[in-house]
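Biologist: Please take a close look at one helix in this model and at what surrounds it. After that, go on to the other local features that can be described.

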Amino acid sequence: MEAITGKNEMIRQLREKILSMEGFNVGDDSRRLDFGLGAMNAAFPGGIFPVGAIHEFSSPDETCAAAANGFLSVLLGTLMKKGGICLWVSFNRKLFPPALKFLGIEPHRVIFIDVRRPKEVLWVMEQALKNKALSAVVAELRDVNFAESRRLQLAVEDSKVTGFLHRRQPRMENALACVARWKITPLPSSANDGLPGVGFPRWQVELVKIRNGRPGIWQFEWKNEKLYSVQQSTALSAKSVKKQRKYA
Amino acid sequence: MPKRYLYIWFGYLAPDRLVKINPELRNGPFLLYAAEHGRMVARAVSPALEEEGITRGMVVADVRAIFPDVKVFAAEPAAEEKLLKDLAEWCFRFTPTVAVDPTDGLILDISGCAHLWGGELPYVRTIISRLRKGGYSVRAAIADTIGAARAVARYGNELIVEAQKQSDALALLPPVALRLDDVTLQRLNKLGFRQIGQLLSIPRANLRRRLGEMLLYRLGQALGTERELLKPVQPTPVYLERLPCLEPIRTAKGIEIALERLLEMLCARFFREGKGMRTGVFKGYRLDGETVQISIGTNRASRNAAHLFRLFELKIVELEPALGIELFTLEATLVEDVSEAQEALWSMPGSNQTAIAELLDNIAGKVGAQAVHRYLPQEHYWPERSVKEVSTLGEQPETEWRTDKPRPLHILSRPEPVEVMVALPDYPPKHFRYKGEIINIVCADGPERIEQEWWLQSGPPRDYYQVEDENGARYWLFRLGLYGDRKPEWFLHGFFV
């Protein structure tokens with residue numbers, strides 16, 4: 001019995017060693033952060049949400065972009081819980097700062113950088129990612145190529161700052177050197193105890209790609225400053241297909 | 001030691017300043033005006049125009065009627081004030097205590113200074129001739145008291161009033177020389193007092209009863225029985241370092257080394273004095289007589305040589321060395337105090353404020369300072385006004401961020417008009433058309449009526465609806481105006497998460 005536990009422990013240690021060699025942060029710091037993702041944690045390498053890495057979000061239209069920014073802000077809220085400042089770099093920003101409060105972020109702890117040329121987003125993000133004093137860096141832009149994303153990843157590996165790269169309406173979905181690729185789509189909210197009106201926001205969170213993890217699809221509801229896992233039938237896809245046919 | 005004061009009166013400060021800028025105006029008729037009660041009134045008149053009988057206080061239109069070719073310029077009181085302060089700083093070569101007498105005089109405390117110039121007469125003559133050479137028409141006088149020196153400089157024609165002789169010097173001057181208010185002056189005029197000497201022979205009690213305490217006070221100041229304090233001008237310290245080169249520098253590496261050395265010298269001084277740089281200019285004087293320069297700004301005062309070097313480094317390529325640069329200077333044009341212990345603005349484990357401020361400086365240097373934004377809540381319901389921008393890292397919100405009413409995560413900077421189908425007035429729309437696509441609304445919340453803040457702006461109110469379509473996308477729509485008076489318009493203003 002003791003031999004088995006010893007072997008398990010050894011395997012666990014080896015696995016952590018490999019992960020840390022690959023650039024994942026497996027230190028105590030990341031263990032303590034609970035992103036409230038529940039069952040989804042199993043999909044991540046080592047069962048921990050990878051901080052100190054670049055996460056890519058990609059949204060094809062305006063409504064998905066709002067949903068992705070919403071989900072991203074929830075993750076950001078957890079990263080900033082200990083206090084700290086986050087940098088939000090964007091070209092053509094639409095974010096309304098007071099709304100961040102609904103997602104668990106103090107809006108005055110976010111510094112917005114609004115650049116005039118799209119290329120500058122990457123420069124600012126790289127500079128920011130090298131700065132260990134920041135909690136996280138978010139960048140919103142349209143297109144980024146593989147080489148540029150690799151520079152960001154290298155910056156992150158040194159400073160252990162978490163970066164979010166949000167691609168809005170990208171021209172093509174090329175591969176990037178990011179640890180994870182997410183796709184967030186809004187889901188119809190369910191009526192609140194049969195009351196009329198709009199319910200709590202719901203998202204379909206699709207982990208399209210995760211290095212050393214298992215991709216999958218999850219559904220979450222943001223309620224009372226917490227993420228709740230919800231089950232919704234696949235009626236969504238049927239509906240969207242119908243819609244496309246109708247107005248194509 | 002008995003006090004001695006020198007008063008310098010710049011009779012035509014504003015016109016002289018203008019002539020120095022536009023030399024072709026010299027000896028020409030021109031005036032400077034300021035708006036007053038909806039009229040343009042002459043504030044200062046050139047000597048040539050004054051000879052023609054035009055005085056300050058006349059309406060510009062009247063002057064134009066008399067002299068159609070008169071040139072008029074807007075008065076710049078701030079620039080004149082600055083000029084006077086600069087002149088005061090120039091006077092530090094004659095005495096350490098210089099005060100400004102607004103709006104056109106300087107008071108110098110010359111006690112114990114004049115003998116260095118070989119007596120009071122050479123002293124005052126040196127000052128007057130140097131100022132006149134500089135293009136200013138000045139008159140000056142030395143006396144035991146500020147009041148007497150001022151009165152003699154402006155209304156008398158002596159250069160020096162002997163010690164304890166101020167009552168003799170004042171006797172023949174008009175009462176206006178005493179810095180009195182208009183009401184007292186008018187009363188004195190009515191009573192027939194044309195000279196200060198007439199006042200001196202009247203018992204003080206009578207003067208006080210008839211003309212008030214102020215007259216006695218001013219008289220006392222001029223005669224030396226009342227004390228008068230000076231508010232000396234504080235010299236602004238110059239943070240400037242120079243680095244001459246043995247050989248002209250032509251390479252970028254050489255410029256970098258020069259910059260590093262200058263920063264080292266300047267930062268050492270900053271550390272001694274507890275200061276930091278907010279803006280700085282790095283200049284190179286080229287062999288061909290041209291100067292080239294780059295400047296930087298920081299978000300908070302910094303005396304970190306490495307950080308400042310990084311800010312300059314981004315711009316070194318802009319320096320054109322041409323034949324070579326033979327002298328480098330580095331000047332901190334705006335200097336602020338640096339608090340020794342950086343106060344904790346946000347409790348941040350393992351991170352510091354300075355690192356972030358330096359990062360922001362870097363970013364501002366590359367993409368422009370207007371790119372950096374930080375927001376605080378503002379107590380307004382109108383969504384566009386609910387946040388205010390702040391430029392510092394330290395400022396904290398005075399009010400809470402509100403979460404009682406829904407606000408969208410994405411907002412359109414300009415609400416976009418949409419076509420809607422509404423079943424009943426005051427109901428949310430059934431569907432709306434946005435970018436050529438019809439969006440069916442499944443459920444909705446609202447309306448939340450937001451009225452215009454009448455003290456800022458008038459117009460129809462907005463009725464906001466939070467609506468959700470069949471895919472779960474949530475929108476923020478509003479109707480501008482009420483039903484009834486005219487057809488209300490609908491707009492899309494944002495996207496919820």
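Modeller: A residue is called buried when its relative accessible area is under 20%, exposed when over 50%, and partly exposed in between, with a 1.4 Å probe and protein chains only. Helices (H or I, at least four residues) and strands (E, at least two) are DSSP runs, numbered from the N terminus. The model is predicted: local features need pLDDT of at least 70 and side-chain atom pairs count only at pLDDT 80 or more, while totals for chains, interfaces and linings use all residues. Residues are numbered from 1 along each chain as its sequence is written, chains are lettered from A and ligands numbered from 1 in the order in which they are written, and side-chain values use heavy atoms, with hydrogens and water left out.

H14(B) is mostly covered, with 11 of its 15 residues buried. The buried residues are B:Gln353, B:Ile356, B:Ala357, B:Glu358, B:Leu359, B:Leu360, B:Asp361, B:Asn362, B:Ile363, B:Ala364 and B:Val367. An α-helix has 3.6 residues a turn, so residues three or four places apart point the same way. The buried residues of H14(B) pack against elements of both chains (contact means heavy atoms within 4.5 Å). In chain A these are strand S2 (86-91), strand S3 (110-115) and helix H4 (118-129). In chain B they are strand S10 (291-302), helix H13 (305-313) and strand S12 (372-377). After H14(B) comes B:Gly368, with a positive phi near 105 degrees.

As for domains, whose bounds come from an automatic or database domain assignment, chain B is divided into domain 1 (1-236), domain 2 (240-363), domain 3 (373-404) and domain 4 (410-495). The centres of domain 2 and domain 4 of chain B, taken over C-alpha atoms, are 52 Å apart.

A:Glu62 lies in helix H3 (residues 62-79) of chain A and A:Lys94 in the loop between S2 and S3 of chain A, so the pair ties together parts 32 residues apart in sequence. A:Glu62 is buried, at 12% relative accessible area, and A:Lys94 is buried too, at 17%.

In chain B, the side chains of B:Arg4 and B:Glu120 form a salt bridge at 2.8 Å, N to O. This pair links distant parts of the chain, 116 residues apart: B:Arg4 is in the segment before strand S1 (5-10), and B:Glu120 is in helix H5 (residues 120-133) of chain B. B:Arg4 counts as buried at 10% relative accessibility, whereas B:Glu120 counts as partly exposed at 22%. Another salt bridge joins B:Arg286 to B:Asp288, with the closest N and O atoms 3.2 Å apart. B:Arg286 is buried at 12%, and B:Asp288 is partly exposed at 39%.

Some backbone geometry also deserves a note. The peptide bond joining B:Pro102 and B:Thr103 is cis, with omega about 5 degrees. B:Thr103 lies in the loop between strand S5 (97-101) and strand S6 (105-109) of chain B. A cis peptide bond also runs from B:Gly446 to B:Pro447, with omega near -5 degrees, and B:Pro447 lies in strand S17 of chain B. A:Lys160 is not a glycine but has a positive phi of about 65 degrees. A:Lys160 is in the loop between helix H5 (146-159) and strand S5 (162-168) of chain A, and is partly exposed at 39% relative accessible area. B:Arg179, likewise not a glycine, has a positive phi of about 60 degrees and lies in the loop between helix H7 (166-171) and helix H8 (182-190) of chain B.

Methods. A salt bridge is a side-chain nitrogen of Lys or Arg within 4 Å of a carboxyl oxygen of Asp or Glu.
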